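Please look over the structure shown here, with a view to how its chains fold and how they meet.

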Amino acid sequence: MSALEDAPTSPERFEYAPAPESRAMLHLRSSYGLFIGGAFTDPIDGGALKTVSPSSEEVLAEVTLAGERDVDAAVTAARAAYEGGWGRLTGRQRAKYLFRIARLIQERSRELAVVETLDNGKPIRESRDVDVPLAAAHFFYYAGWADKLDHAGFGPAPRPLGVAGQVIPWNFPLLMAAWKLAPALAAGNTCVLKPAETTPLSALVLAEIIQQAELPAGAVNIVTGDGTTGAALVAHGGVDKVAFTGSTEVGRRIQETVAGTHKHLTLELGGKAANIVFADAALDQAVEGIVNGIFFNQGHVCCAGSRLLVEESVHETVVGLLKRRLSTLRLGDPMDKNTDIGAINSAEQLARIVALADSGEDEGAERWSPPCVLPERGWWFPPTVFTQVAPSLRIAREEIFGPVLSVLTFRTPDEAVERANNTTYGLSAGVWTEKGSRILAMADRLEAGVVWANTFNRFDPTSPFGGYKESGFGREGGRHGLAAYLDV
Amino acid sequence: MSEPRVDVRKTYKLFIGGAFPRSESGRSYVVESADGRFLANVAWASRKDVRDAVAAARAALPSWEGATAYNRGQVLYRVAELLEGRRDQFVGAIRDAEGASARHAARQVDAAIDRWVWYAGWADKVAQIAGSSNPVAGPYFNFSVPEPTGVIGLVAPQGSSLLGLVSVLAPAVAVGNVAVVVADERHPLPAVSLAEVLATSDVPGGVVNVLTGPQAELVPVLAAHRDVDGLDLAGATVELAAAAEAAGATNIKRISRRVAEDHEWGHDPGTARLLRFIETKTVWHPIGV
């Protein structure tokens, strides 16, 4: 397949002047305490963590590494709020507080986008246009449910669970906080949220927003820290509900921890989504979808379309178009409004991506990246495509969580389904074809919680999201998302 | 004067893939009535029997989940029809097993029959209460549908040998799951008789598999089996349930927790169990001309 060896002539690349977003709206403190009982408090047995911008290695702020006693204080505050303030509110009152939060997120959207991009490394275009608006939309959507639970299909007067312990990842820090907090609060629970170790800042700005919204103290508590903090929260006897988004490996440990207790559990874990392109698909659109599927957010997406399954007859065409398109992507300063690909979130994650990509080469797959200059400071990985990938390779089986696409082929719809489902994961899948009946047949047969047909990586607060198989259980979003926080 | 009639006794075997094998281990255990009479030597299933049952269930899954909901509803209704015809047999079996009064046993059987009817009617309605059309903020057609989780390991309630079993089994299969049942350990005979009803109704072989034997031996195997997608621990002991929940984490099994021993299975079942082993699938497509 000599055509694969070289990318087609690169399309003309426009040069843009730098267009960095201003930091003027940013009001970071030099250090943050824990948000417990409605106030920022000093730790009892916690330490400190520095949070670093992955694109520059600049220290942004110092945050608290909460210890076991800090977690206990947060759970105690949440329990008191469940039995007192927040727990005594009517649905209509809860709704109004959540509407306030939605509005405050919109009002402080620029600041939140800047904080998110600095702390996470994602392009400002994505934090501005995706993360922040979706976070606001999530609160707005669930606000409206708070006084309508009787009509949600779970019988009359469904009960909340109590105190929810929520552990979220670093890939969409603010959005994941919104996915966790909004339905939990709407249903009448109180929350202890543990942001990811490397991306605590937007949750701390959210804590300020919760103060501005004047939520009853303790309804939301935010404990920053690392894996030990999360483990302490999950294991705490005062927690009634555990919700976790992150890797399947950690999810498994959490399920073991929760075993034999009274705690309710929902898990949103890893993925290795197949993105299936049939020969009759609108290939230019499909290529846009493939790029969005795996290079959105540097591939730090649990539902990323990391396995491209292309019908054999259009394999060369699709790979050619893909390489041409990738040659136009701009990698660099995440704060620049023209940037497509930002920084890898941490040195640890970069090491994992490098190791898995190297394994692809070692195991015989063909590696390609567009010409791309990586900045000297920070953690970066170029968009990478592997062809000649056998389904048994690690890069075809393991979640890479980075901008690395593995291309495989198929000949028949049956083979496409078999290859797509041949994974322990089942979070998402994509199908590209112009044939309506085939879309529905494929959607029916793919073992995935979300199927994007002729699109990819779309999210909406009304749309249930969550996995099959080892991608977890429970749904977030939509009416279904309420079930995770009600005793049903 | 005619000779006294010697009755023909039944051999109680396992139910795997639509057939009634003995345990491959050749073992059996004695089951006695509530007042201590010998009732039967029941098959004592082994870990290999568990694995065979899981394989049979997995093989039966595609056609059962792929059947139309209307068809599944009719098959479950057929179970109720056949059970009604054997009402007296089951009343006797429950009296023997549980030492229940005739009235109490009859109530159990009637409730069990009615439960099949209840869930038969749900088969083609569950997607309409658990599915949705989602008004996303963009030009996309977006809908969610419930799909079965897959192979479910069911630890039948202990002490409610027919009604308890039907209460956990019928909702699981109504939505398209397939099941491997560990029967009530001390009162397994009604479960085996129910298997005979299932075998002669239109339930395809492998959709329901029934194992008899000690929980302590069977439940851990089922809980750790990677081809089991969900576990209903309704009848498991506290210790076994906790260990099974932890073992279930191996492949992120969906788990329905144990229920109290004195749980009253006669109450209105609602929809909670119907919705327990389903996966919600959401499909997006752009709208455009």
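Among contacts in chain B between residues at least 6 apart in sequence, what percentage join residues at least 24 apart? In this predicted model, the share of such contacts in chain B that join residues at least 24 apart is 75%.

Chain B is built from 9 helices and 10 strands. Its radius of gyration is 20 Å, close to the 19 Å that the globule rule gives for 289 residues, and chain B is therefore as compact as a globular protein of that length. The C-alpha trace of chain B spans about 90 × 40 × 35 Å along its principal axes, and 53% of the 289 residues in chain B are buried.

Where chain A touches chain B, the contact draws 36 residues from chain A and 26 residues from chain B. On the side of chain A, the elements that each give two or more residues are α9, α15, β16, β17 and α16 of chain A, and α9(A) gives the most, with 5 residues.

| α6(A) with α7(A) | 5 residues | 1 residue | no residues |

Within chain A, helix α6 (residues 173-186) and helix α7 (residues 201-212) pack with their axes 8 Å apart and at an angle of about 50°, which makes α6(A) oblique to α7(A). The crossing in which α6(A) passes α7(A) is right-handed. The residues that meet there are P173(A), L174(A) and A177(A) from α6(A), and S202(A), A203(A) and L206(A) from α7(A).

G270(A) lies in the loop between β9 (264-268) and β10 (274-277) of chain A. Is G270(A) buried or exposed? G270(A) has 23 other C-beta atoms within 10 Å, and because a residue counts as buried when 20 or more lie within that distance, G270(A) is buried. Leaving aside its neighbours within four places in sequence, G270(A) is in contact with S247(A), T248(A), C302(A), E399(A), Y425(A) and S471(A). The C-alpha atom of G270(A) is separated by 15 Å from that of N422(A), a residue 152 residues apart from G270(A) along the chain.

Methods. Residues are numbered from 1 along each chain as its sequence is written. Chains are lettered from A and ligands numbered from 1 in the order in which they are written. This is a predicted model: local features need pLDDT of at least 70, side-chain atom pairs count only at pLDDT 80 or more; totals for chains, interfaces and linings use all residues. Axes are lines fitted to C-alpha atoms, for helices over the stretch in contact, and angles run from 0 to 180 degrees between N-to-C directions. Helices (H or I, at least four residues) and strands (E, at least two) are DSSP runs, numbered from the N terminus. Angles under 35 degrees count as roughly parallel, over 145 as roughly antiparallel, 65 to 115 as roughly perpendicular and the rest as oblique. A crossing is left-handed if the near helix is turned anticlockwise from the far one by less than a right angle, and right-handed if clockwise. Two residues are in contact if their C-beta atoms, placed from the backbone, lie within 7 Å. Ala, Val, Leu, Ile, Met, Phe, Trp, Tyr, Cys and Pro count as nonpolar, Asp, Glu, Lys and Arg as charged, and the others, Gly among them, as polar. The radius of gyration is taken over C-alpha atoms; the globule rule is 2.2 Å times the number of residues to the power 0.38. A residue is buried if 20 or more other C-beta atoms lie within 10 Å of its own, exposed if 12 or fewer, and partly exposed in between; C-beta atoms are placed from the backbone.
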